[in-house]
Amino acid sequence: MAQQRPSTNGRDDVVEYIPALRAFARTFCRQPEEADDLVQETLMKALANLDKYEPGTKMKSWLFTIMRNTYCTRAKKNKRESVGVDESMVEKLVTQPSQEWSVHAREVQSALESLPVHHREILVLVLMLGETYEDAAEICGCPVGTVKSRLNRARRQLLLALNEPEAQPLDSVDA
């Protein structure tokens, strides 16, 4: 373990901790090259700010703090930036806002709730829960043909409620 000893300019003290900095950098970086880059950046910052080091305090702790802060800053920056991605691809990597989907989901929920109970029941059983027509017919106590008819009518009513262009108004009443 290196002891704190006064030096003429402090650079000798910083160099003394390079092996410890390398070991500490490996806790942050999996790749040895990335760890070496982190050590190098830490050393550059430490040497540039050597005048801010307070003699009598632990140099090792000061260097480790610089390294940790450097790593955290890098991690935040890398989250925002896409390194190594072609400029033409950057526009395709944009995440679309989710608010529109949330609004659309509430509209679908509202339209579903506005359906008659027997239509809503068939939609949930067949489309959402994946029941077969036969199982849905048994659950609802009606013939398979009625399940298919109700499902068809429920789909059309849902599309109408959502103002979808392929929706067609119903001319007859459901069975």
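This is a predicted model: local features need pLDDT of at least 70, side-chain atom pairs count only at pLDDT 80 or more; totals for chains, interfaces and linings use all residues.
E41 is partly exposed, with a relative accessibility of 25%; here buried means under 20% relative accessible area, exposed over 50%, and partly exposed in between, with a 1.4 Å probe and protein chains only. Residues are numbered from 1 along each chain as its sequence is written, and side-chain values use heavy atoms, with hydrogens and water left out.

Which residues does E41 meet in salt bridges? A salt bridge is a side-chain nitrogen of Lys or Arg within 4 Å of a carboxyl oxygen of Asp or Glu. One partner of E41 is K45, with 3.7 Å from N to O. These two residues stand four residues apart in helix α3, which covers residues 32-48, so about one helical turn separates them. Helices (H or I, at least four residues) and strands (E, at least two) are DSSP runs, numbered from the N terminus. K45 is partly exposed, at a relative accessible area of 32%.

The other partner is R74, whose closest N and O atoms to E41 are 2.8 Å apart. R74 belongs to helix α4 (residues 59-80) and E41 to helix α3, so this pair ties together parts that are 33 residues apart in sequence. R74 is also partly exposed, its relative accessible area being 24%. The structure holds two salt bridges, and E41, K45 and R74 are linked by such bridges in a network.

The aromatic side chains come next. A pair of aromatic rings is described by the distance of the centres and the angle of the planes. Rings of Phe, Tyr and Trp (its six-membered ring) pair if their centres lie within 6.5 Å; planes under 30 degrees apart count as stacked, over 60 as edge-to-face and the rest as tilted. The structure holds four aromatic pairs. One of them joins F24 and F28 in an edge-to-face arrangement, with 5.0 Å from centre to centre and 80° between the planes. Both residues lie in helix α2 (residues 18-28), four residues apart, so about one helical turn separates them. F24 is partly exposed at 23% relative accessibility, and F28 is partly exposed at 22%.

How is the pair of F24 and F64 arranged, stacked or edge-to-face? The rings of F24 and F64 are stacked, with 4.3 Å between centres and 15° between planes. F24 lies in helix α2 and F64 in helix α4, so the pair ties together parts that are 40 residues apart in sequence. Ring pairs join F24, F28, F64 and Y71 into a cluster.

The cysteines can be treated briefly. A disulfide is a pair of cysteine sulfur atoms within 2.5 Å, and by this rule the count is zero. C29 is buried, at 6% relative accessibility, whereas C72 is partly exposed, at 29%.

The view may now widen to the whole protein chain. The chain has nine helices and zero strands. Of its 175 residues, 25% count as buried. Contact means heavy atoms within 4.5 Å. Among contacts in the chain with a separation of 6 or more, 51% are between residues 24 or more positions apart.

In soluble globular proteins, nonpolar side chains tend to be buried together. A nonpolar core is a set of buried Ala, Val, Leu, Ile, Met, Phe, Trp, Tyr and Cys residues joined through side-chain atoms within 4.5 Å. The largest such core has 18 residues, and those with the most contacts inside it are L21, M59, W62 and L63. Helices α2, α3 and α4 each supply at least two residues of this core, and α4 gives the most, with six residues. Leaving aside residues up to four places away in sequence, L21 touches V39, T42, L43, L63, F64 and M67.
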